[in-house]
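Please read it alongside the sequence and the model.

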Amino acid sequence: MTLQALSPVNCTGLLQPGCSLLQLDGEILLFGQKGWPKRSCPTGVFGVRIKHSEMKLRAISFSNDSCYLPPLRCPAVCRLDPYDGLPESYLIHGGRTPNNEISSSLYLLTMDSRGCNRKLTLKCKEKELVGEVPGARYGHAMSIVQSRGKTACVMFGGRSYMPAGERTTERWNSVVDCPPQVFLFDLEFGCSSAHTLPELSDGQSFHIAIAREDSVYFIGGHSITSDSRPPRLFRLRVELLQGSPLLSCETLDFGLSISSALVTRTGPGHKYIVLGGYQSDSQKRMECNTVILDEKGIHIEHLEPPKWTQDIIHSRTWFGGSAGDGCILLAVPTEGRPSQPDVHYFYHVSFQQEKESNEEEGTQACSQESTDYDNSTPLEDSEELYFGREPHELENSSEDEGDIYNEEDEEDESQTGYWIKCCLGCQVDPNTWEPLYSTELHRPAMIFCSKGEEGHWVHAQCMELSETLLVKLSQGSKKYFCLDHGGLPYQEMTPPRQIIPVKRTPMKVKERNGPLMLKMSPAKKSFFKRLFD
């Protein structure tokens, strides 16, 4: 086995405990990174590439009919191998957002297409569950079971916020273990059912879940109620009968006292390597184990760990995940080193035999990409990074150079992004932000200041705009100037000039001031003259 240091190339800010890494079609994908999706990658999903001891990210696009995949941390992620003509895919349930909101949604992530330059396009669909639906949670696990020619998904564990009726002022955002229920739902119709088993009496989170055929093994885990990591090992057997499913649970004696462990699979068989994790809140578990599933059951054996570096030994926290068969990507924070520019140290741990490593060096080696999830609270992040890369990508290939993520490019976010300091008195904190307006869904409302040639974006909350005014500014054509550039709430666009038609009144006949003159014949004139005389 080998332990090799990696050099991240302008991407350390996106690899944090809680983000997720997946592997689709030989591509390693990263999502759930710290902060909201950046402008250089609107989907918030990146392809991860490890090659020649360097780690790089590049943007991944989604199909037009895909739904929005939030940046989830510590979700339950389950790989679904191809079956019945369906492609390989991933099920993603729950997780926490950067605003500490807990999700209850279920997403199905598949590959949509490959471009002529092998550029990957994904498709994400939200699946609706009916029946006894599991609530919002994180730190839980999902597994796929197969029985009697049928396939179903098993979900167990996790933690969530305390119910609203039990909250107090001091414990408003306290988390608790979810009830120890096992949820079973089919993937075709989305029917979900909850099952309570007497052997599963306590809730647990950040445990290991490994499945083979109709059995799921739950290893270790942390319980908030007892604040302990007992060496638990359960075997859950699921029989998918014609009517209702039959579930049975068996408690085994040889478990592991561990939480947030990293698991990697070695080859096509059901042989796994368990590394890392925690024995207590202040003690990492530095040992390694081999877990084998066969017809007789489960076998756990001790495995010699790699020779840890001093940075790994003295670090308080660590996270990572599977980087291909028999490989693990490991990260530890650069604690107490202000001169260190990177946030984390990254290591590539390989448990492959030396002969196998040399055979694959020319094709995969460290060119495999990684995708996993690792961002939750310290000592609670149970993330599994899956890094892999297809061998067709040549060393000098530059086909994806335009999509490589560079943290320096994000400097432009000061003008166009959402998580920015929009002004000197900006009050929006991406870690503690809560919706201020009823119109806000996933991120704070912003308004465009028209000052200058290009203008800039500012938070409506920082500008102390009322919701009525915010809605009014979003309608019609109005120019807005922030408090730093004019101080006026808004300025109406110059209205088009209206030409008022001239009022034409008919001319009136002038009144006569003189006596009324009548036309008379000379005979009548002579008659009236004699009459009045």
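A salt bridge is taken here as a side-chain nitrogen of Lys or Arg within 4 Å of a carboxyl oxygen of Asp or Glu. The model is predicted, so that local features need pLDDT of at least 70 and side-chain atom pairs count only at pLDDT 80 or more, while totals for chains, interfaces and linings use all residues. Residues are numbered from 1 along each chain as its sequence is written, and side-chain values use heavy atoms, with hydrogens and water left out.

**Salt bridges**

- The count by this rule comes to 14 salt bridges.
- Glu295 pairs with Arg212 in a salt bridge whose closest N and O atoms are 3.5 Å apart; because Glu295 lies in the loop between strand 25 (288-294) and strand 26 (297-303) and Arg212 in strand 17 (residues 208-212), the pair ties together parts that are 83 residues apart in sequence (strands, E, at least two residues, are DSSP runs numbered from the N terminus).
- With buried meaning under 20% relative accessible area, exposed over 50% and partly exposed in between (1.4 Å probe, protein chains only), Glu295 counts as exposed at 69%, whereas Arg212 is buried at 16%.
- Salt bridges that share partners join Asp25, Glu27, Arg58 and Arg114 into one network.
- Within that network, Asp25 forms a salt bridge with Arg114, with the closest N and O atoms 3.0 Å apart; the pair links distant parts of the chain, Asp25 being in the loop between strand 2 (18-24) and strand 3 (27-31) and Arg114 in strand 9, 89 residues apart.
- Asp25 counts as partly exposed at 23% relative accessibility, and Arg114 counts as buried at 19%.
- Arg79 and Glu88 meet through their side chains in a salt bridge of 2.4 Å, N to O, where Arg79 is partly exposed at 34% and Glu88 is buried at 18%.

**Second largest pocket**

- The second largest pocket holds about 660 Å³ of space, a pocket being an open set of points on a 1 Å grid over the protein atoms alone, where a 1.4 Å probe fits, with protein on both sides within 12 Å along at least five of seven lines, and a volume being the space filled by probe spheres set on the points.
- Of the 29 residues that line this pocket, the closest to its centre are Thr151, Ala152, Asp186, Leu187 and Glu188, lining residues being those with an atom within 4 Å of a point.
- The elements giving two or more residues to the lining are strand 8 (89-93), strand 9 (106-114), strand 13 (150-161), strand 15 (181-186) and strand 16 (191-196).
- The lining divides into 15 nonpolar, 9 polar and 5 charged residues, where Ala, Val, Leu, Ile, Met, Phe, Trp, Tyr, Cys and Pro count as nonpolar, Asp, Glu, Lys and Arg as charged, and the others, Gly among them, as polar.

Technical notes:
Helices (H or I, at least four residues) and strands (E, at least two) are DSSP runs, numbered from the N terminus.
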